[in-house]
Amino acid sequence: MILTVQKSDKEILKSLEGESAVFIIACAGCAVKSNTADKQSIEYISKLLSDNNIKISEIEILGSVCAKQKTQEILSKNTNFQKAKTILFLSCGTGIQAVGSFSDKRLIAVLNSQAITVVESSYSKFCSVCGDCILSYTQGICPKTRCPKSLVNGPCGGFVNGKCEIDSSKDCAWVLIYEKLKKNNGLDKFINSFIEPK
Amino acid sequence: MKFKEKLKSNKFLITAELFPPKGVDISSFLTRAESLRELDAVNVTDNQRASMRTGSLAMCKILLEKGFEPILQITARDRNRIALQSELLSASVLGIENVLIISGDHPSAGEYPSAKPVYDLDVLQLLKTARILETGLDLAGKKLKGSPQFCIGAAVNPSAAPNDLQVLMFKKKVLAGTEFFQTQTIFDAAQYKAFFDKIKTPNVKVLAGITLLKSQKFMQFLQKLPGVNIPIEIQTRINSAKDPLAEGIKICSELIKDLKKFSDGVHIMAIGMEEYIPQILSLS
């Protein structure tokens, strides 16, 4: 899924300068799982807008905004969407660009798309969608994404008791890989392996 | 004798590092350098702690002109593979043979936490790239007109835990063509010896990194850095000293005395207090 987080109120309001009414699209796909397009989030944004005298013509909740054909079909039948000048998105960047591909309306992002990740209680980045997967060589853990220095051939010298020097609340990706290599008798292979620059 | 040749000898090697000025006034840099005349080589850092300074290459060239043997530090943090290869070729053209290849502190540790961390090549890839350039080719497989020759170093952290993972990385870096290592800072000679015994490799010299504890405040700063382990007795000595700098000098020279018994050499990080290095060495 694509993990999203809400932008600051200040940034949202700045992007809405001069607007008096908006049509809201909320995505019931990944954004709901990120808790950024659920009932509470929609209520929060609605209050933020009303506190700043911006009207909401309608809130349209779509299954997956990024499913462009379906999204276009639904929105083409929605008169409030047709009338609206500005569309506010509680979706990832792909959802916004899907609508932008068939509409010339002003499109406003409420969320930042942070990462491709697995669904679990505490989110962290797992995949960078780099198009050059090396998981077969790294015990199923992506150091390109999970190491802040994207080191693909082994760690730097900054791990402390298995934690990353950049953020001590996070495990060093390479220590995790190392522990798995040890269990799978892969250390000798690791010493002699080398991942070429892409 | 050149540093590359000294690496093949049994000499106890002594290097130190200088950081370039923040600005274009190099007078203090040159004064600090003068204290390092007797050393085997002098490293120049590459925007250390991810903070912007004058370039390592320019300062290395100036050191070379003044009769020093510089070691150019190159991090993989700020340049992509085009700029990194170009920097290596430029070093060679300027007569700089020694390079220390490191990943570099992440931008979030420095003055520009939002700066883009490049890491287009990782350390192993950059080490191999330098070796590829020596064969007369570049990373794209294109022929070079004249190929460089380097003496290549890398870093290893004896205090990182799990420690065996650093031992593995040491071996990988040796396989990638590293000729010498300078370690991250250590304070405990016995602990370092245990690590050194694990990594000992013929024809590869390892210089133990040591830092001058110049004040209590500086010691507190160091303790916050990842992987820095200062034994309690050293902390007590600095904290209870009337003159912490004098005590720091003593600690450094005692450490060097201990290291001389087994280590290939030392790499001294005096962080602006290079004028005390001759004193540290004469006491050791």
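Biologist: Let's start with Pro162(B): where does it lie?
Modeller: Pro162(B) lies in the loop between E5 and helix H6 (163-175) of chain B. Bear in mind that this is a predicted model.

Biologist: OK, and what kind of peptide bond joins Ala161(B) and Pro162(B)?
Modeller: A cis one, with omega at about 5°. For background, most peptide bonds are trans.

Biologist: Back up to E5(B), then. How many of its residues are buried?
Modeller: The strand is mostly covered, with 6 of its 6 residues buried. Cys151(B), Gly153(B) and Ala155(B) are on one side, Ile152(B), Ala154(B) and Val156(B) are on the other, and both faces are covered.

Biologist: Which strands does E5(B) pair with?
Modeller: Strand E4 (residues 98-102) of chain B is joined to E5(B) by 4 bridges, and the two run parallel. In that pairing, Leu100(B) has Gly153(B) as its bridge partner. E5, which covers residues 151-156 of chain B, also pairs in the parallel sense with strand E6 (residues 180-185) of chain B, again over 4 bridges. There, Ala154(B) is bridged to Phe181(B).

Biologist: Which residues have the most contacts inside the largest nonpolar core?
Modeller: Val42(B), Val99(B) and Ile101(B), in a core of 92 residues. Leaving out residues up to four places away in sequence, Val42(B) touches residues including Leu18(B), Leu36(B), Leu63(B), Phe68(B) and Ile71(B). There is also a second, separate core of 28 residues, and Ile24(A), Ile25(A), Ala37(A) and Val110(A) are among its members. In general, nonpolar side chains tend to be buried together in soluble globular proteins.

Biologist: You mentioned Leu63(B). Which residues of helix H3(B) are buried?
Modeller: H3 spans residues 56-65 of chain B, and its buried residues are Ser56(B), Leu57(B), Met59(B), Cys60(B), Lys61(B) and Leu63(B). They pack against helix H2 (27-34), strand E2 (41-44), strand E3 (70-75) and helix H4 (81-93) of chain B. Just after H3(B) comes Gly67(B), with a positive phi of about 95°.

Biologist: Switching to chain A. How is it divided into domains?
Modeller: Into domain 1 (2-116) and domain 2 (135-192). The centres of the two domains, taken over C-alpha atoms, are separated by 38 Å.

Biologist: And what sheet do we get in chain A?
Modeller: An open one of 4 strands, in the order E3-E2-E4-E5, with parallel pairing. E3 and strand E5 (106-109) of chain A are at the edges with a single partner strand each, so one side of each has no neighbour in the sheet. Helix H6 (residues 93-100) of chain A packs on the sheet, touching E2, E4 and E5, and its direction makes about 175° with that of E5(A).

Biologist: What about E2(A): why is it described as largely enclosed?
Modeller: Because 6 of the 7 residues of this strand (residues 21-27) are buried. E2(A) pairs in the parallel sense with strand E3 (residues 55-62) of chain A over 7 bridges, where Ala21(A) has Lys55(A) as its bridge partner. In E4(A), Leu88(A) is the bridge partner of Ile24(A), and Leu90(A) stands opposite Ala26(A).

Biologist: Last one: how many residues of the two chains are in contact?
Modeller: 25 residues of chain A contact 27 residues of chain B. On the chain A side, the elements giving two or more residues are helix H8 (173-183) and helix H9 (187-192). That side divides into 16 nonpolar, 7 polar and 2 charged residues.

Conventions:
Residues numbered from 1 in each chain as written. Chains lettered and ligands numbered in written order. Predicted model: local features only at pLDDT ≥ 70, side-chain atom pairs only at ≥ 80, totals over all residues. Core = buried A, V, L, I, M, F, W, Y, C linked by C-beta atoms within 7 Å. Buried ≥ 20, exposed ≤ 12 C-beta atoms within 10 Å, placed from the backbone. Contact = placed C-beta atoms within 7 Å. Nonpolar A, V, L, I, M, F, W, Y, C, P; charged D, E, K, R; others polar. Domains from an automatic or database assignment. Pairing = 2+ DSSP bridges. Axes fitted to C-alpha atoms, helices over the stretch in contact; angles between N-to-C directions.
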